Each structure stands twice: as C-alpha cells, then as structure tokens.
Amino acid sequence: MALNILVVDDSSVVRSVILKSLRLADCDLGTLHEATNGQEGLEVMAQHWIDVAFVDINMPLMDGEEMIRHIRQNPVWADLPIVVVSTEGSETRVERLKQMGARFIHKPFPPEAIRRVVQEITGAKHELNA
Ligand SMILES: [Mg+2]
C-alpha cells in the first residue's frame, strides 16, 4: 500500500533531506506533503489522508508538540504513526512525546534512520492487519 506522507519542519533543507531519505528508503510512496509549521500541518491533514507524519518540534506559529496534541485529540488521527525529528535534548519532553505515541529521530540523522522507522511502521501495520 502506498504511503501518503506529511513532513512538517520550518527548515526547507531538513524537509528535503527527509523527503530524499524517503525516496531512498525503498518503500511504496504515495503523495508527499510538506508544511512549515504545526498549523499548516493540521490544515494539510484536514484535506488529505496521511499515513505517516514526520514532525519537527521547534517551529513558529505552532510547534510540533502542540500539533501532536491536536492530532491525538481527534479520534480520526488517534492512531496516526508520528515520527518526531528534532534536536530536542530534554528527556522529559521526549518522554512526553513518546507517551503520545510518537517515535523519535535525533537531528542530524543518516538516511538509514528514516528507512528503519518506515520499515518499523509498515511492519507494525502489517502485523495489525494480519
Ligand atoms: Mg525547527
């Protein structure tokens, strides 16, 4: 099944590195969406079905943590796989995000990290459907 992916980061460089890593990841990609902050990300999600979201934490207007809180409050998105991609060093914050069901990749990351997390997510989905 093709994965529709949303990449939310205020840095266009980081967004393109994530998108490039996804293209290298040897997975079935559907539509790739980009947003520059949490608010924009939620607007994309109101209009398009998303299978996996990659979300930065530090962004203007709405940060990643607030965006994830909004996502989890909506029953439609309660189970959306979310991968936080951030330089965040606070263990408490990382722990809070994990409790909201987010996976975590530290910046900077090798393309391999993106591939691994996508495999983990699609593997997990496969198991659920089996
Ligand atoms: Mg940022």
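In this predicted model, helices α2 (residues 38–47) and α3 (residues 64–73) pack against each other at an angle of about 30°, and their axes are 9 Å apart. An angle under 35 degrees counts as roughly parallel, and α2 and α3 are therefore roughly parallel to each other. Their crossing is right-handed. On the α2 side, the residues that meet the partner helix are Gly38, Gly41 and Leu42; on the α3 side, they are Gly64, Glu66, Met67 and His70. Sorted by class, the contact of α2 with α3 comes out as 2 nonpolar, 4 polar and 1 charged residues.

Next comes the sheet. It is an open one, built from 5 strands in the order β2-β1-β3-β4-β5, and the pairing is parallel. At the edges stand β2 (29–35) and β5, and each has a single partner strand, so one side of each is left without a neighbour in the sheet. On average, and with direction ignored, neighbouring strands here are turned by 20° against each other.

Two of the strand pairings can be picked out in detail. Strand β3 (residues 52–55) runs parallel to β4 and is joined to it by 3 bridges. Here Val55 of chain position 55 faces Val84 in β4. Val83 has Arg103 in β5 as its bridge partner. To get from β4 to β5, the chain passes through helix α4 (residues 91–99), and this β-α-β crossover is right-handed.

Helices lie on the sheet as well. Helix α1 (residues 12–24) stretches across β1 (3–8), β2, β3 and β4, and it runs at about 160° to β1.

Most residues other than glycine have a negative phi, and most peptide bonds are trans. Asp26 goes its own way: it is not a glycine, yet it has a positive phi of about 60°. Asp26 sits in the loop between α1 and β2. The other case involves a proline, with the peptide bond from Lys107 to Pro108 being cis and its omega near -5°. Pro108 belongs to the loop between β5 and α5 (111–129).

How values were computed:
Residues are numbered from 1 along each chain as its sequence is written. This is a predicted model: local features need pLDDT of at least 70, side-chain atom pairs count only at pLDDT 80 or more; totals for chains, interfaces and linings use all residues. Two strands pair if DSSP finds at least two bridges between them. Helices (H or I, at least four residues) and strands (E, at least two) are DSSP runs, numbered from the N terminus. A crossover is right-handed if, with the strands pointing away from the viewer, the path from the first strand over the helix to the second runs clockwise. Axes are lines fitted to C-alpha atoms, for helices over the stretch in contact, and angles run from 0 to 180 degrees between N-to-C directions. Angles under 35 degrees count as roughly parallel, over 145 as roughly antiparallel, 65 to 115 as roughly perpendicular and the rest as oblique. A crossing is left-handed if the near helix is turned anticlockwise from the far one by less than a right angle, and right-handed if clockwise. Two residues are in contact if their C-beta atoms, placed from the backbone, lie within 7 Å. Ala, Val, Leu, Ile, Met, Phe, Trp, Tyr, Cys and Pro count as nonpolar, Asp, Glu, Lys and Arg as charged, and the others, Gly among them, as polar.
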